[in-house]
Every structure is written in C-alpha cells, then in structure tokens.
Amino acid sequence: MDRNLPKNYDPKTFEDRIYKTWEDSKAFMPETKGGKEHFTIVMPPPNITGQLHMGHAMDASLQDVLVRFKRMQGYKTLWLPGPDPASIATEVKVVEKLKEETGKSKEEIGREKFLERAWAWKEQYEGRIILQQKKMGASCDWSRVRFTMDEGCNNAVKEHFVNLYNKGLIYKGARLINWCPVCKSALSDIEVEHEDVQGKYYYFRYPGEDGSEGITVATSRPETMFGDVAVAVNPEDERYKDLVGKKVMLPLVGRVMPVVADPYPDMTKGTGAVKITPNADPNDFEVGQRQGLGMIEFMAEDGTMLETAGKYAGMDRYECRKAWVKDLEEAGYLVKTEDMTIPTGTCYRCHNAVEPRISEQWFVKMEPLAKPAIEAVRKGETVFVPERYDKTYYHWMEDIKDWCISRQLWWGHRIPAYYCDECGEMIVAEDVPAVCPKCGCTHFKQDDDVLDTWFSSALWPFSTLGWPGDTEDLKTFYPTSVLVTGYDIIFFWVARMIFSGIECMGEVPFKYVLIHGLVRDALGRKMSKSLGNGIDPLDVMDVYGTDALRFMLLSGIAPGSDIRYQDEKVQAARNFGNKLWNASRFVIMNLYDAEGELLPIADAKSVSLKTEDRWMLQTINDAVGDITGNMDKFELALAAAKIYDLIWSNYCDWYIELTKSRLYGDNEEDKASARYVLLDCLKKLLKLLHPFMPFITEEIWGHLPKVEGDSDLIILADWPKPFDEDYSEDVKTVELSMDMIKAIRNIRSEVGVVPAKKIKAIVLADEGCEDIARKGESYLLSLAGLESLSFAKSRDELPADVKSAALPGIEVYVPLDDLVDYKEEYAKLKKDKEQLEKNVAAQEGKLANQNFVSRAPENVVQAERDKLANYKDMLEKTVARLAEVEKKLS
C-alpha cells in the first residue's frame with residue numbers, strides 16, 4: 001500500500017477537499033482550540049457589488065496568516081466575516097440591472113419592490129464573495145457571519161443614532177453639502193476625491209446699474225452665475241473702494257446685486273473681485289452669512305438647470321455652460337478666457353464632478369467625538385503599523401468638520417426619525433412612535449433618507465459581537481486585536497471605528513491597525529477597468545494554486561507599502577511548493593517499506609544524533625525564535641523569507657543530502673535516528689509555513705505518521721517552541737563544511753571538471769579552524785566529489801599546480817594536474833583582490849565614522865569589526881595566491 005503523496009504537485013486535487021475538512025472539523029471556531037487569551041480580527045466587510053479583486057486577495061491573506069499563527073500559538077482565535085451593503089455603489093448596480101431587465105426606474109416600481117431586488121442582489125453576491133474568500137483559504141468562523149444590515153446590526157445602528165441625537169451630537173439642518181448629480185445623493189467631505197483637470201477661467205463684465213463700466217470677475221463655472229447674489233471685493237483693495245455699496249447687474253439677465261466689502265477676496269488673484277453664489281461654494285456661503293445675503297436656487301438635483309436660468313432651463317449643466325458662454329461672448333460681456341488647471345471635486349463612486357448644494361441633511365457633531373479618539377492614539381491605546389500613518393489619522397481628526405450622514409438613497413439603514421402626519425412634529429426613536437407627543441396623532445412617516453454606509457460600518461467591531469446586548473462574545477472578544485486595512489480608508493473607516501468604539505464601549509476597538517498598500521500591476525500602475533490591467537485572483541489560483549498566490553503576496557509586502565503583481569513571482573512561489581512536495585515525498589518514502597508498513601523510527605529519548613542532525617535542529621530552533629518575533633511585529637515578508645531559506649536551502653538542499661548516506665547504509669540504529677530527525681524537522685517546518693501556505697502544508701501533514709501530542713490537522717497543531725539545548729559547535733562544523741563544499745564545487749565548475757570525476761582537495765586552516773574542518777571531512781568527501789581530503793600545515797606542502805578558494809580562517813586548494821588555466825586564475829584573483837580592497841576600504845570608512853561607532857549598539861559595531869577582519873584575512877590570502885600564480889606565469 002502506497003502511503004506517499006502523489007508524484008506530481010497539483011493543488012487542484014486537494015484544496016477544496018482540505019477546506020471542507022477544516023469546516024467539518026470546526027477548526028475555524030474559537031471554541032475548538034485556544035486558551036483564555038483571545039485574538040480577534042473583524043474582516044473589513046467587502047462590498048456586495050460583485051467580484052473580489054487582487055486587493056481583496058492580499059487583504060484576506062494578511063488577515064489569515066495572522067489568524068492561523070495565533071491559533072497555533074494557542075489563542076482563542078476569532079476571525080469574524082461579513083459583507084457591507086455599500087449603499088451608493090450597490091444601489092447604482094441594482095438600478096442599472098432594473099433598467100436593463102424591465103426598462104423601469106426605481107421610482108416607477110416603488111421603494112418596497114426596489115428593496116426586494118436589492119436584498120436579492122445581496123443574497124447572490126454575498127454567497128459569491130464567501131465562496132471566493134474560502135477559495136483564498138480564509139479561516140473565518142462562518143457560523144458567525146454578519147451583515148451590516150442584518151437585524152442585530154440594524155438595531156445597533158438605530159440605538160447608536162438615537163443615543164447621539166439625545167446627547168445633541170446628531171442634528172438636522174440646512175447646510176451647504178457636497179452633492180453628486182449622478183448618484184443624486186449627498187456626500188461627506190471625505191467621499192469627495194480631488195482631481196486637477198484642464199479647464200478655463202472665464203472673465204465676465206458685470207455692468208453697473210447706473211450704466212457705468214461695472215466690474216469684471218473670473219469663474220471656472222459660468223453656469224453658477226444664475227445663483228449670484230453679490231460681487232465681493234476686499235475692503236483694502238483701492239481699485240474698488242468707490243464701487244462698494246453700489247450695484248451691478250448680472251449680464252444679459254439684468255438682475256441687480258450689490259458690491260460688498262469682505263475680507264474673503266484675494267487681491268492678488270484674478271481681478272480681485274469675486275462673484276458670490278452662496279449655494280454653489282462653501283466660501284461664498286460664509287460670505288453670504290456674514291453679509292446677510294439671500295440664496296437663489298438655479299440647479300436641480302440631477303444637474304439640470306432650473307427656471308431661474310431662463311431659456312437655459314432643463315439643460316444639463318455643461319450644455320448650459322457652453323450655450324451661456326457663447327451668448328455672453330456675442331453680447332460683449334466675455335472679456336477673456338485663460339486655460340488653467342482647475343481643482344475639481346468628484347464623487348468617489350461615479351467620479352463625476354460634485355456640486356455644492358444647500359440642502360437639509362443630518363449631521364454628526366464631530367469635535368466632541370474626535371478629541372478622545374485623538375488622545376487614544378497619542379497614548380498608544382491604538383497603534384498604527386507602520387507608525388507613520390498616525391500622521392494621516394491626526395491630519396483628518398484635528399481639522400475635522402461635522403459629518404453629513406444622510407444619503408438620498410433607498411438601500412441602506414433608514415434614518416430612525418418619524419414625522420407626525422398631522423402637525424409635522426419630528427420624533428427620533430428606534431421604533432415607530434405610538435402617539436405624537438405634540439398633537440396625539442398616531443400616524444407617522446419615516447424619514448426617506450438612509451445613513452452613510454460608514455455610519456454602520458463604524459460599529460462593526462462591536463455590533464457584530466452583539467452590542468448593544470451584553471453577550472458572551474462581546475465580553476470575550478472585544479476589544480479586537482488587529483485591524484488589517486488599506487491606507488486609503490484610514491479616515492473613511494478606521495477613525496470612525498475608533499471614536500465610535502470609545503463612545504459606545506468606553507474603549508478603543510482594536511490595539512493595532514496594520515496598514516497595507518495597493519496591489520499594482522508589474523509596471524507599478526493601479527489596477528483598473530479603464531487600463532484593462534486588472535488580474536482576477538481566481539484565475540491565478542486556477543493556474544498556480546492558492547498557496548502560490550498567497551506566498552507571493554505575503555513575501556513581497558512591507559506594511560504600508562504598495563506591491564507589484566508579477567506573474568514570475570507567483571511561478572517562483574509555486575516552484576517553492578513543488579520543492580517542498582518532492583522533499584516530503586522523499587522523507588515519506590524512507591519512512592515506510594514497500595508494503596506500506598512504518599519502518600523503525602527513533603523517539604526523542606532513544607535518538608542518537610549526528611552532527612548534521614544537531615545542526616539542522618539548532619538551525620530550525622534559532623529560526624523559530626526569529627520568525628515568531630517577526631510575526632509578532634507584523635514583519636510578514638521577513639518571516640516568509642526566512643521560512644523559504646530554511647526549507648529550500650537548509651532542509652532540502654543540505655540536510656536531506658547529508659542524511660542520504662545513513663538512510664542507504666546498513667546501520668539500523670542510524671537509519672532510525674535519521675528518520676526521526678527528518679520527520680521531526682519536516683513537521684516543524686510545515687508548522688512554520690502553514691500560516692502562509694495552508695493547503696500544501698495540511699496535505700503533506702496528513703500523510704505523515706503522528707506521535708503522541710500531534711494534532712490530526714496542522715491547522716490545530718501547536719506553533720513550534722524553541723528548545724534549550726545548545727548545538728552551536730555543530731552549527732559551526734556543518735556551516736564551515738557547506739562553505740567548503742560550495743567553494744570546491746565552484747572550482748570544479750570554473751575548471752570544467754565533469755561531475756563524475758573524483759578530485760583531491762587540500763585544506764590549509766588557521767589554528768582552531770582545522771579541528772572544525774576535520775569534523776566535516778565525511779561531508780566533503782560525499783558532497784564535493786572528492787577522492788581524498790588532506791590537511792597541510794603550510795603552503796610549502798602544496799603541489800605546484802593548484803586552484804584555491806579563500807574562506808575566513810581557512811583556504812581550500814584543489815590540485816588540478818595541468819587542468820588549471822593560470823591566466824584565467826590570475827585574472828580572477830586580480831578581480832577578487834580589487835573587490836576585497838574595496839570591501840576593506842568601505843568597512844574601515846564605516847568604522848572611522850564616530851557617529852556610527854558612538855551611536856550604534858555595541859553588538860552591531862562588533863559585527864562590523866569582525867567583517868573587516870574577515871575581509872582583511874581573505875585579502876591577505878588572495879594576495880599571497882596572486883603572487884604564486886604570477887611566478888607560474890613568469
């Protein structure tokens with residue numbers, strides 16, 4: 001019976017099966033494994049607007065690697081998943097689909113029917129998103145999956161709204177807000193993206209009411225002139241002192257308006273005179289308030305012009321601009337135009353230009369909420385990783401404006417405000433009032449608007465755990481441990497969760513915020529539909545497997561920085577998986593006989609360790625401490641690189657090769673010990689790799705024989721712990737042997753010695769190095785293709801024709817019997833000498849720098865001194881060999 005892995009590594013054959021095994025075993029539930037201490041992550045809820053992209057793949061991989069690591073460390077681990085309604089984006093999609101299928105608008109089918117369609121969309125895409133997350137290997141507790149509009153979260157949103165309202169922190173008022181004419185909804189300030197677009201400044205003359213020349217103003221939005229109520233000049237501007245208090249007319253329209261003195265106009269910009277349109281610009285709004293000016297509505301919610309625009313009524317804003325400018329020019333009111341770069345606010349969803357608009361909306365008073373949230377980060381209650389992103393946080397929070405939270409949509413949390421049908425009294429309550437407190441009426445209409453989707457998302461870390469109830473999950477898992485998210489939503493989401501957590505729970509919602517960047521294409525461009533450079537992670541996983549994509553993403557990222565997707569790196573990650581697969585096949589092959597019976601394997605008490613065993617065990621032991629430290633500090637790429645080298649180089653390329661002579665020998669005790677160490681080390685390596693490449697490690701683990709204490713599934717296994725034994729002398733022996741083997745192999749390659757040919761080698765070692773080198777003699781004989789290895793006391797004992805390699809404290813010579821090309825060796829030695837001289841000079845320069853020597857830790861300075869000593873030693877030996885070769889050539 002063959003107990004081995006299949007010959008070919010094909011992730012498609014086991015990934016789905018393994019994920020089902022994890023689910024069936026309830027491995028993702030915190031109750032299955034873990035002690036008293038918890039580790040919690042709430043998944044940033046992906047929008048229910050379709051397919052997940054490469055950014056989601058990275059986000060999921062980052063969260064999962066932390067969750068799997070902490071689960072193996074014994075924490076009661078919860079990764080809580082769930083999607084977000086994404087009010088604007090989802091409503092746009094559902095409206096588009098409704099139009100395609102029925103030709104009707106949402107208004108034509110009504111709110112109730114439209115919401116039925118929206119919920120159907122949610123069910124369809126939530127299921128798709130969950131399947132994609134599972135394909136990525138996400139070890140979420142799917143029994144706890146939440147949705148920001150489910151009953152529990154909806155109750156939390158209503159209670160939070162009512163609490164803030166009762167504290168005077170939510171209010172309704174007519175304010176100048178950002179309005180998207182395409183989405184037909186208000187936007188908060190941070191939902192407006194600022195772009196520089198090429199446009200024009202138009203200079204128009206407003207004639208004086210008295211028939212005088214009047215005054216010239218500049219604007220980039222001529223269509224807003226229909227809302228002008230005044231022209232403002234700076235009171236210090238000598239040019240216009242005589243005009244203040246007089247009146248000018250809107251050209252062609254003839255509407256009369258005053259010239260007012262106000263500090264707002266900048267005398268150095270344009271003409272120094274500014275047209276004032278209070279419902280089209282926030283600065284104009286402030287001027288209007290100060291000057292007691294009225295307002296004129298001129299544009300509808302959909303961006304078309306109103307009756308106040310005269311013959312241009314019904315035109316789109318841009319059509320109006322074109323026709324209006326043409327008419328003004330023909331009438332002689334256009335003075336000049338200038339091509340300019342115009343800062344333009346655009347909707348973060350549809351990317352169309354927003355229009356400032358006076359509108360009655362709901363707002364959150366931010367200053368009282370922001371102050372404790374700022375202080376919490378300053379005190380280190382929440383820590384940004386990398387730390388530099390706290391500056392982004394402070395930038396937003398210290399200059400915060402009141403938050404417009406109402407949206408003119410149907411999909412989302414409907415605002416819990418009710419209006420009496422009889423007297424119009426407004427009541428804010430979680431449920432429909434029974435009776436109007438003012439007039440006694442029992443009939444009410446709920447506010448039509450819904451809440452900004454970030455209002456509900458801000459409660460995600462605790463509403464998903466049962467707040468406002470006093471649930472066991474809330475007691476156990478709040479505050480959460482880490483939030484993993486992109487730098488682009490620090491204020492959209494992170495800041496709002498922090499101040500909401502403090503407000504509702506009395507403490508911050510998470511200890512760490514791990515910030516990641518974007519996944520860009522190979523050229524460094526942002527992936528987008530318009531560029532056609534988007535890459536579907538499902539396609540990549542279909543070709544290379546999930547583990548390869550995860551390892552590429554995790555090994556290439558630094559906190560807070562963008563990463564470039566490169567197909568060749570995914571291929572390299574798959575090759576790494578293939579290397580591990582084949583090495584595991586070799587180990588398993590040597591654990592069982594031809595009938596599938598387990599061969600004798602030593603145990604921890606009876607094992608007789610050889611030098612190479614102790615080296616491998618110590619190497620892994622040292623790496624466990626380093627890798628654990630890297631993981632704890634979120635240095636995931638560093639941890640991945642160390643695991644990669646440990647498996648590929650140390651275990652596969654060296655240790656397995658060093659054990660083959662024992663496995664194929666006749667000493668049964670030696671074989672049993674070699675099997676024990678091979679198996680023990682493989683298990684430790686699989687555990688270290690598991691958070692990064694969960695599928696292949698689980699598949700290999702399932703084929704390995706278990707001993708007492710081993711878990712059936714690696715996902716529930718214990719993270720390796722360092723041991724106390726010190727095998728550092730064995731490490732010196734094997735690592736020196738490895739360096740010598742590589743040096744001899746390089747000599748063979750340079751000279752062109754065929755692999756099958758056995759050669760001789762001579763070692764000339766400093767005092768102390770010879771004993772270490774002698775201990776590794778058997779390794780050199782078997783792995784360097786030697787027929788003999790001898791030790792010389794001086795160069796006088798060396799034959800005339802040799803090729804050499806200099807290592808710290810040791811020189812290796814290979815007699816070549818006329819195979820050496822001395823001219824070639826001379827050229828190489830000259831090159832080596834030049835490089836070593838540069839290395840020595842660089843090290844001496846570094847150590848001559850008093851700033852470095854006085855400020856760097858002593859161990860770092862000593863390491864640099866040791867490096868200098870090694871370079872000098874190698875240089876001395878190279879110079880000596882160079883002299884010998886020169887004699888041969890003379």
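How many bridges join strand E8 to strand E9, and do the two run parallel or antiparallel? Three bridges link E8 with E9 (residues 256-261), and the two strands run antiparallel. Welcome to this predicted model, in which the protein chain has 27 helices and 27 strands. Let us begin with the whole chain and then visit some of its parts.

**The whole chain**
- The C-alpha trace of the protein chain spans about 115 × 70 × 50 Å along its principal axes.
- The radius of gyration of the protein chain is 37 Å, while a compact globule of 890 residues would have one near 29 Å.
- Of the 890 residues in the protein chain, 52% are buried.
- If you take the contacts between residues at least 6 apart in sequence, 76% of them join residues at least 24 apart.

**The sheet around E8 and E9**
- E8 and E9 belong to an open sheet of four strands, ordered E8-E9-E7-E10, with mixed pairing.
- Strand E8 (247-249) and strand E10 (273-276) are at the edges with a single partner strand each, so one side of each has no neighbour in the sheet.
- On average, and with direction ignored, neighbouring strands of this sheet are turned by 30 degrees against each other.
- Look for valine 248: its bridge partner in E9 is methionine 257.
- Helix H7 (residues 282-291) packs on the sheet, where it touches E9 and E10, and its direction makes about 85 degrees with that of E10.
- In the loop between E8 and E9 you will find leucine 252, which has a positive phi of about 70 degrees although it is not a glycine.
- Leucine 252 is partly exposed, with a relative accessible area of 47%.

**Aspartate 228**
- Aspartate 228 sits in the loop between strand E6 (215-219) and strand E7 (230-233).
- With a relative accessible area of 0%, aspartate 228 is buried.
- Beyond its neighbours within four places in sequence, aspartate 228 has contacts that include Tyr206, Arg255, Met257 and Lys275.
- Aspartate 228 and proline 278 are 50 residues apart along the chain, yet their C-alpha atoms are separated by 7.6 Å.

**Two packed helices**
- Two packed helices are described by the angle between their axes and the distance between the axes.
- For helix H3 (residues 87-102) and helix H5 (residues 111-135), the angle is about 110 degrees and the axes are 10 Å apart.
- H3 and H5 are therefore roughly perpendicular to each other.
- The residues of this contact between H3 and H5 divide into six nonpolar, three polar and five charged.
- Among those that meet are Val94, Val95 and Leu98 in H3, and Phe114, Ala118 and Trp121 in H5.

**Backbone details to look for**
- Tryptophan 467 and proline 468 are joined by a cis peptide bond, with omega of about 15 degrees.
- Proline 468 lies in the loop between helix H12 (460-463) and helix H13 (472-477).
- Another cis peptide bond leads from tyrosine 478 to proline 479, and its omega is near -5 degrees.
- Proline 479 is in the loop between H13 and strand E20 (480-486).
- Helix H14 (residues 490-505) is mostly covered, with 14 of its 16 residues buried.
- Just after H14 comes glycine 506, which takes a positive phi of about 80 degrees.
- Lysine 26 is a residue other than glycine with a positive phi, near 60 degrees, and its place is in the loop between helix H1 (15-24) and strand E1 (38-42).

Technical notes
Residues numbered from 1 in each chain as written. Predicted model: local features only at pLDDT ≥ 70, side-chain atom pairs only at ≥ 80, totals over all residues. Heavy atoms only, no water. Buried < 20%, exposed > 50% of the residue type's maximum accessible area, 1.4 Å probe, protein only. Axes fitted to C-alpha atoms, helices over the stretch in contact; angles between N-to-C directions. Parallel < 35°, antiparallel > 145°, perpendicular 65-115°, else oblique. Contact = heavy atoms within 4.5 Å. Nonpolar A, V, L, I, M, F, W, Y, C, P; charged D, E, K, R; others polar. Pairing = 2+ DSSP bridges. Rg over C-alpha atoms; globule rule 2.2 N^0.38 Å.
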